[in-house]
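Hello,

Here is the structure I promised to pass on. Please open it, then read my notes below.

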Amino acid sequence: MSALRLALLVALLLGALASADSSDAAEHQSPSVIAPDVAASATPGVPTALTPQPLAHLHHTAWTAKDGLAGNVLDIAQTTDGYLWLGTGSGLVRFDGVRFETFESLSGQTLPSRGVHALQAMPDNSLWIGFVEGGAAQIKDGRVLRVDREGLLTGATLRRFGLDQDGTLWAVDGSEVLRYAQGKWEIGSAGMPEPAANHPMEMLADRAGNVWVSASRGLYVKPRRSDRFMQVPIPNLGFPGLALAPDGRVWISDAAQERGVLRLPEVPGPDGAWGSLEDWHPVPGGITQPFFDRQGHLWYGATNGLARVKPPAAGALQPTALERVAPSSGGVSGYYMLRLFQDREGNVWVGTNAGLDRFRNTRLSQVPFPEAPAAVSMAVDSSGRPWFSAHEQALFRYGSGLERVDTGVPGAPTYITMGAQGERWLGYRSGLREWKDGKLSLLLPPGLKSWDFSIINLHVDPKGVVWLVSNGVGFFRYDHGTWERFHQRAGVPKEPPVSLGSEADGTVWIGYLRGRLLRVRGDELRMFTAEDGLRIGAAKAITTRGAHVWAGGDTGIQRLDLPGMPLLQARDGAALQGITGIVETAGGDLWLNGLTGISHITAAEVQRALSDATYRAAVTRYDTLDGLPAFAEQAWPLRTAMETPDGRLWFSSTNGVVTLDPAAIRRNEHPPEVFLQRVATPEQSFLDVRQPLLLPPGTRDLTLAYTATNLAIPERLRFRYRLVGLDKTWHEAESRRSAFYTNLGPGRYRFEVVASNEDGVWGTTPAVADIEIQPTLTERAEFRVGIALAVLVVVGLLVRWRTHATARIEQQRLRVRLEERVRVAQDLHDTLLQGFLGLVLRMQAVARAAPRQEPVRTGEELNQLMEVADRLLVEGRDRISDLHRPSVGGPLEEMLATLGQDLSRHHGLAFELLVEGTTRALGRDLRDQLGLVVREALFNAFQHSKGTRVKVTVDYQAKDLVVRVEDDGVGIPADVLAAGARAGHWGLPGMQARAAQAGLQVTITSAAEQSTCVTVCVPDAFV
């Protein structure tokens, strides 16, 4: 330790002296030997493959009571359908990777006891259960097949099951070894001591067909071809732990004597002897529940946590090889490891006193730094080895493992890069150093005596020119001994750039935060901005391969060497956000490191997206579920992705570095199996959906729960579903594991659901549920047919009634018109024709008498005849006017006033109209009918009354409307009034008939030789 401290002190002293050197000459140093010794590293040019992922780097997930898992986990099993079953102190639980479901919630049935201590999955997908309170049960598909709690299975806790190669089920309950044969349990402990003195507690069946039992007096085995147990001759052995290694051999642990673990020899034949039983491997920290995974790692419960080690072929387990995780640091859920299990996908499950833990390998392997690094700069040297500089740690390179490099300069470089001639360029806070030919030289710009600023970017172009960015001094160009403050050159922004890259011809690309890219080609400078098609925001990554030039930034990635600088579009737009690392492989694939993880786009997808601006490329994303400890750095250093010559990719993040070999990635081509778990309505739930479901009438809403058994990365599962009979297309449910339908009608439906795995491989055979919703009475076909027929009958009757009503109305209208025309014709006959006939007869008489009388007399008679003719013409005109007069709009009194004034001019009688009450509107039809009746009374008064005046009174009463027509003429003879008409005349009968048709009441009062009053009443006219 003193020598190491002395070396560090010397290094610090040399660094201080270098910083104080004011000359322009470079300082030379020789870096010390790398620790560990690099002389023993692998062949130069090829980094040694990473060792299996350390326990601390495995993806770990823990579930406890807060996640819905109640009780300690005493046993774990996996049935053939992929479900994980947990035996807990509070009951049997099924787990699909996302949801914990108690057995009672699955079937509605209950088990005879809640505490479950032992589980055994059977080839037929059934599960045997051993209870804490004694007894066993067998279940399958959520149903209890049998319960055994009598006879041999009494109140003792059933500790463990075992299934041998012949398919025989075994069990131990602390007092007996039991065997299940021909549908019943029987004692199977032949060859063992009396149960009361032995207490068998654990058992294991190996691949050779041997059955092993751990008891208080030692270890026993029943060979496959034997019916009896024999004791393994190991002295002082009580309750040994049992574990089966990948090679099929059984290991035991001895915690009581602290001897560690022992790999047992093969079971000897009847006359053979046991091999060595003394090659114990001491285990530090104690051991419980030993368990081997398929890679040969021994897992076990150690003092204060979980431990894992790869046992050597011989000798003691090395403490340096031991890996531990402790509950105090969140590495495991509980302090006591109660059961370990590995599922079909390779996940290791640990049941503890506080919950359940899952450990699984990830596609990304973390580089094992001493501490989680931040602000990591990466580079590849000429021999193909990756180098890393971790802020506040040291400089490292990867050879046979991660090796620390001691340059003798205090602190770690803030940035590293490599030159084409094998030189290494290191950016320290004390300045730029070149490491070449075993010498480390300090380089400072002229006039700068010291340097105390971080170098945040370094790049060496193909011509060997070094481009350097410092957060305090500026942007420099170092060309083989000549320094230039490049930010002072005309056309170069003053702000420091954030990314640098170069083409094979020496063209340099420089990226800036404000969405600008500067191209330097010799002495020619050209700035690219959004106006030139740059659409990536801050340009944080520049990478070239051959003629291809890529730039990535805050909002995407573009190819700069193509016309138009096409922007790469992706289906997962978030995958192209915050790109600070770009690698284009020899095959044309793109690997990007950004804000949401590491993204991979195949060469075919890249080419299609570049050639078609509307196409969005498919992206495979790797994130924390794949072992990424954090996301890409967005400040500095920004070269967060690189490739070594062996094709391996390296990605830095804000909390570590990961690597992967693209050629070693195996795509999961097997889609997950999907299960329908239940169909529920608001009233009931159906757990068995294998048979068609008949739902009661009136069912409108359905909830369907489904899942898929992927226990490694269930978060990546995606589902789509449809309800055949309703949906025309599939619904993309993403990770949701339930579907909801509302307002369903009666009929037959089929629900189908499929899922895709973590690599996007979709299943082709859906899980289905056939559902029939019965119709209500009103939804039945016969009811609807009956209703339809009834509607048709009603409609037919209505049409018939309407037709008849229309015909009656039309006939009534025709009859009214005919009657009116008959009346007018009769009036014309009574007045005009008869008057003209009388006029003709009188003219004939005047003509015969003319020769015999005085001319004066003849003239007088002719004048009288002319007056008669005038009267006949007036009366005929009045009758014709009555036939053709159109309906007059406006109030009733206006219509009557117009008519009365017209008649007054022709007949010479005075006309008076009075209105009593407030004028109110009448319906058009009622007004017209009333107007015709009143007009008839007016005609009669003006033509036949022989009076001097006619008076009309319109009386608007509260409910009725009354119209009176009065004259001061000769009146109507009593016989005519009694008969209702004058013989041969039709005026009064026509008026009465019209009034009756319109619902009017007509009253005629008259005194002979005095006057006449016609009263027309409209009852309830304003109700």
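Which residues do ring pairs link into a cluster? They are Phe369, Phe388, Phe396, Tyr398 and Trp650.

Some ground rules. This is a predicted model, where local features need pLDDT of at least 70, side-chain atom pairs count only at pLDDT 80 or more, and totals for chains, interfaces and linings use all residues. Residues are numbered from 1 along each chain as its sequence is written, and side-chain values use heavy atoms, leaving out hydrogens and water.

Rings of Phe, Tyr and Trp (its six-membered ring) pair if their centres lie within 6.5 Å; planes under 30 degrees apart are stacked, over 60 edge-to-face, the rest tilted. The count is 34 aromatic pairs. Take Phe476 and Trp483: the ring centres are 5.8 Å apart and the planes are at 85°, so this pair is edge-to-face. Both Phe476 and Trp483 are buried (under 20% relative accessible area; exposed is over 50%, partly exposed in between; 1.4 Å probe, protein chains only).

Now Tyr721 and Phe751. Their ring centres are 5.6 Å apart with planes at 35°, so the pair is tilted. Tyr721 lies in strand β61 (residues 718-724) and Phe751 in strand β64 (residues 747-756), so the pair ties together parts 30 residues apart in sequence. Strands here are DSSP runs (E, at least two residues), numbered from the N terminus. Both Tyr721 and Phe751 are buried.

Charges sit over rings too (NZ of Lys or CZ of Arg within 6 Å of the ring centre and within 35 degrees of the ring normal). Arg720 lies over the face of Trp762, at 3.7 Å from the ring centre. The charged end of Arg433 sits over the ring of Tyr428, 5.5 Å from its centre.

Best wishes

Definitions and conventions
Helices (H or I, at least four residues) and strands (E, at least two) are DSSP runs, numbered from the N terminus.
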